[in-house]
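Dear colleague,

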Amino acid sequence: MNIKKIAMAVTLGLASFAAAADPITSVTGSLEIKLGGLTTESNRTAGTNETTWGVGYLSTIAAFDTNSNWSAGPTDGYLYYMIYGIADQSIIANNTNGFDIYNIGATGGVADGKIHLDLFYSPTKIASIDQFKNANPGNRTGFDSYSAFAGLGPAFLKLTFGQGIQQTDRPETIGIDESLATMVQDVNAQTLPASGSGRFFLDVVGGTDASHWDTNTQSGHDMSGNFTLRPNFGSFNRNCTEAQARAGVCFSGLINDPILTARVPEPASLALFGLGLAGLAGLRRRKSAK
């Protein structure tokens with residue numbers, strides 16, 4: 001069997017807003033994060049078994065239990081992300097949508113066996129990524145870099161996908177333990193473009209505002225998320241033509257849905273040059289039978 005990938009997208013659920021927005025470094029409470037993303041199976045890093053990666057933006061963060069909230073804009077800046085290092089562990093046919101895809105971190109070359117989500121703060125809008133305008137897979141400049149983020153400084157938040165989202169091993173495969181997967185997808189195709197959904201846990205591992213988001217209270221992780229995935233073309237999505245999406249020359253997967261955090265505490269100190277936030281993004285891949 002051959003591994004392929006399916007792009008996955010991530011959007012986050014949204015809660016009601018208070019009148020005024022807070023700086024990103026001071027939002028607190030049990031939060032819901034809304035984001036949008038694009039994924040692709042093209043332009044992967046040579047020497048790794050990476051199957052999918054993508055970029056996206058964060059639009060809002062809203063608390064369930066406080067008046068704290070943030071939204072992207074000229075006053076409080078913008079947050080963008082890159083998701084990378086996604087590899088297919090196994091793909092199993094199901095009786096519902098089509099396929100269950102179990103993802104783990106890519107290995108080989110510069111890959112470290114983890115799926116990564118890096119967030120960056122920008123004081124101005126990045127037009128090519130915001131609302132998915134003209135983002136190009138060819139603008140990837142390295143395993144963990146994308147040209148639109150050059151010059152933004154260190155990541156605001158660095159996250160990796162954590163184990164535990166899949167509690168049991170599926171007996172359909174031999175020699176592969178699906179309980180080790182760090183992202184699980186239920187999709188209608190083994191490669192992009194595809195439609196479906198997925199779920200994951202996130203762990204804070206670094207970034208300029210890491211201490212603010214490191215809570216370890218979502219089943220031992222910092223955040224949990226669900227996402228939906230659909231093709232990045234059609235009557236409502238005109239970023240790609242169907243031919244471009246199927247040829248892999250554009251970001252063929254469109255993601256959105258909610259990411260949830262456990263209660264985020266008041267920041268110990270508010271950085272003068274505060275930044276970004278957390279979010280996640282989507283990705284997916286598929287494996288094709290030989």
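F149 is buried, with a relative accessible area of 6%, where buried means under 20%, exposed over 50% and partly exposed in between, using a 1.4 Å probe and protein chains only. Y146 is also buried, at 3%.

This is a predicted model, in which local features need pLDDT of at least 70 and side-chain atom pairs count only at pLDDT 80 or more, while totals for chains, interfaces and linings use all residues. Residues are numbered from 1 along each chain as its sequence is written, and side-chain values use heavy atoms, with hydrogens and water left out.

Rings of Phe, Tyr and Trp (its six-membered ring) are taken as a pair if their centres lie within 6.5 Å, and planes under 30 degrees apart count as stacked, over 60 as edge-to-face and the rest as tilted. By this rule there are 7 aromatic pairs. One of them joins Y146 and F149, a tilted pair at 5.8 Å centre to centre with 55° between the planes.

The ring centres of F161 and F200 are 5.1 Å apart with planes at 45°, so this pair is tilted as well. Because F161 belongs to strand β10 (residues 157-162) and F200 to strand β12 (residues 196-206), the pair ties together parts 39 residues apart in sequence; strands (E, at least two residues) are DSSP runs numbered from the N terminus. F161 is buried at 5% relative accessibility, and F200 is buried at 1%.

Finally, ring pairs link W53, F120, Y146, F149 and F251 into a cluster. R140 lies over the face of W53, 4.6 Å from the ring centre, the criterion being NZ of Lys or CZ of Arg within 6 Å of the ring centre and within 35 degrees of the ring normal.

Best regards

Methods. Helix = DSSP H or I, 4+ residues; strand = E, 2+ residues; numbered from the N terminus.
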